[in-house]
Amino acid sequence: MMKEQHGSLTPPIYQTSTFVFPNAEAGEARFAGEESGYIYTRLGNPTLAIFEEQMAALEGAEAGLAFGSGMGAVSAVIIGLVKSGDHLVCSEGMYGCTFGLISMLKEKFNVEFTLVDMTNLEKVKEAIRPETKLLYIETPINPTIRVVDLKAISSLAKEHNMTTVVDNTFLSPYLQRPIELGCDVVLHSATKYIGGHGDVIAGVVCGSKEYITDLKRTSLKDIGAVLSPFDAWLLIRGLKTLPIRMEQHSASALKVAEFLEMHEKVTAVYYPGLPSFAQYELAKEQMNGSGGVISFELAGGKKEAQEFINRLNMIQIAVSLGDAESLIQHPASMTHACIPKEERERMGIIDSLIRLSVGLEEVEEIINDLKQALEG
Ligand code: LCS
C-alpha cells in the first residue's frame with residue numbers, strides 16, 4: 001500500500017505524532033471505531049503498520065504489533081494476560097529484566113509464578129495450578145541456550161486452557177516459527193536480529209487478530225511503550241537482509257562452537273548446532289538453523305572469565321546480541337545480575353558462563369581472537 005506513493009522503493013517515514021481529521025464527525029467516527037483512519041501515533045501509524053504486517057507474515061500470524069522496546073512487548077503481553085491471583089509458569093532461565101518484571105508483579109500485584117525446567121514436560125505438568133493462565137517460554141533460553149519443545153508444551157497448554165507465549169528473540173522467524181508449532185503468541189526484542197544492526201531498541205508481538213486488537217486497545221494504548229516511526233523504518237530495512245544474516249550468523253557460530261569445543265581451556269559449550277548438544281535432535285526438528293548465540297564455560301570463576309574477556313581484541317565487550325559485530329558478555333555480572341545469585345545458579349547461570357553473539361565478520365578473525373585470548 002504505502003510503498004506505492006510516488007513510486008518510492010522504500011516506505012515513507014510518517015514522522016508525525018497526530019493525524020488531521022477532515023471534520024469533527026470523522027474524528028468522532030474514528031474514535032468510535034466506525035471509520036478507519038489514523039488518529040494519533042500511539043494508537044497506530046502507517047510506517048509502523050508496514051513493519052507489523054511484515055512481522056505477522058514472517059511469523060505466520062494473523063497480526064503484529066510494534067513496541068518501543070522488547071521489554072515494552074514483554075510487559076504488555078504479560079500484564080495483558082494476567083490479573084491479581086493468577087499464576088504463570090515460566091521457563092527456568094530467561095532474560096534478566098523479564099525475571100525482574102514477573103518478580104515485581106508478584107510483589108506488588110499478587111501474580112504468582114513458578115520457574116520450571118521446561119526441558120522436562122513432567123515438571124511443567126506438576127507446576128500447573130487451577131489458576132495458571134500462561135506458559136511463558138524462551139527458547140533457546142537466554143543465556144543457557146536450553147531448548148524447549150514447543151509442540152509438546154503448546155499441546156499441554158491447550159489441554160489446560162492456558163496461553164502459550166514464546167520469546168523468539170534468539171532465532172527470529174527465519175529460524176523458528178512457534179505459531180506453526182501450536183503456540184499462541186510470539187514476541188521479540190526486535191533490537192536484536194530483526195533490526196540486526198545495533199542501532200535501534202524495539203519490540204514486536206504477533207498473534208491472532210483478536211488478541212492483537214485487544215493488546216493494542218489495552219496494553220499498548222494505555223501503558224504506551226510505542227515505537228517511533230523512524231525506528232520502524234530501520235526495522236523494515238533490517239528485515240530485508242534477515243535471511244542472509246541468519247544464514248551467516250548460524251554458519252559462523254557453528255564454526256566458532258566447533259573451535260571452542262575442541263579447545264582444552266573450554267570446559268563446556270552450549271550451541272544447538274553441535275551434535276554434542278543435549279537437545280540436538282529436538283533443535284534440528286524444531287529450528288531451521290541454530291542462530292548466532294553461543295554460551296560456554298571456562299575453568300575457574302568470574303575472575304578467569306573477566307580476564308579472558310579483557311584479552312579479546314576484535315570481539316567487543318557489550319550486552320545485546322544479533323548485531324553485525326561480535327559481542328561478548330558475562331551474564332552473571334551483566335544481563336542476569338539482577339536475578340538473586342541462588343536463583344541464577346539454579347538456572348545454570350554460573351560465574352564461569354560466558355555468552356558470545358557471533359557477528360558477521362570473517363569467521364577466521366573471530367576464531368583467532370578467541371584463540372589468542374584463551375591462550376594468553
Ligand atoms: N527478550 C530477550 C530474550 C532478550 O534477550 C531481551 C534483551 C529482551 C527480551 C528485552 O528486549 P529490549 O527491551 O532490550 O529490546 N536482551 C538483552 C541481552 O541479552 N543483552 O542486552 C539486552
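Close-up 1. Rings of Phe, Tyr and Trp (its six-membered ring) are taken to pair if their centres lie within 6.5 Å, and planes under 30 degrees apart count as stacked, over 60 as edge-to-face and the rest as tilted. Phe 21 and Phe 31 form an edge-to-face pair, with 6.4 Å from centre to centre and 80° between the planes. Because Phe 21 lies in the segment before helix H1 (24-31) and Phe 31 in helix H1, the pair ties together parts that are ten residues apart in sequence. Phe 21 is partly exposed, with a relative accessible area of 28%, while Phe 31, at 59% relative accessibility, counts as exposed; here buried means under 20% relative accessible area, exposed over 50%, and partly exposed in between (1.4 Å probe, protein chains only). The model is predicted, so that local features need pLDDT of at least 70 and side-chain atom pairs count only at pLDDT 80 or more, whereas totals for chains, interfaces and linings use all residues. Residues are numbered from 1 along each chain as its sequence is written, and side-chain values use heavy atoms, with hydrogens and water left out.

**Close-up 2. The aromatic pair of Phe 99 and Phe 113, with Lys 106 over the face of Phe 113.** The ring centres of Phe 99 and Phe 113 are 6.0 Å apart and their planes stand at 80°, so this pair is edge-to-face. The pair links distant parts of the chain, since Phe 99 belongs to helix H4 (residues 96-109) and Phe 113 to strand E3 (residues 112-116), 14 residues apart. Phe 99 counts as buried at 7% relative accessibility, and Phe 113 counts as buried at 15%. Lys 106 lies over the face of Phe 113, at 5.6 Å from the ring centre, where a charge sits over a ring if NZ of Lys or CZ of Arg is within 6 Å of the ring centre and within 35 degrees of the ring normal.

**Close-up 3. Strand E4 (residues 132-138) and the strands joined to it.** Strand E4 is mostly covered, six of its seven residues being buried; helices (H or I, at least four residues) and strands (E, at least two) are DSSP runs, numbered from the N terminus. Four bridges join strand E2 (residues 87-91) to E4, and these two run parallel, with Leu 135 in E4 as the bridge partner of Val 89. E4 is also joined in parallel to strand E5 (residues 163-167) by five bridges, where Thr 164 in E5 is the bridge partner of Leu 135.

Notes: Pairing = 2+ DSSP bridges.
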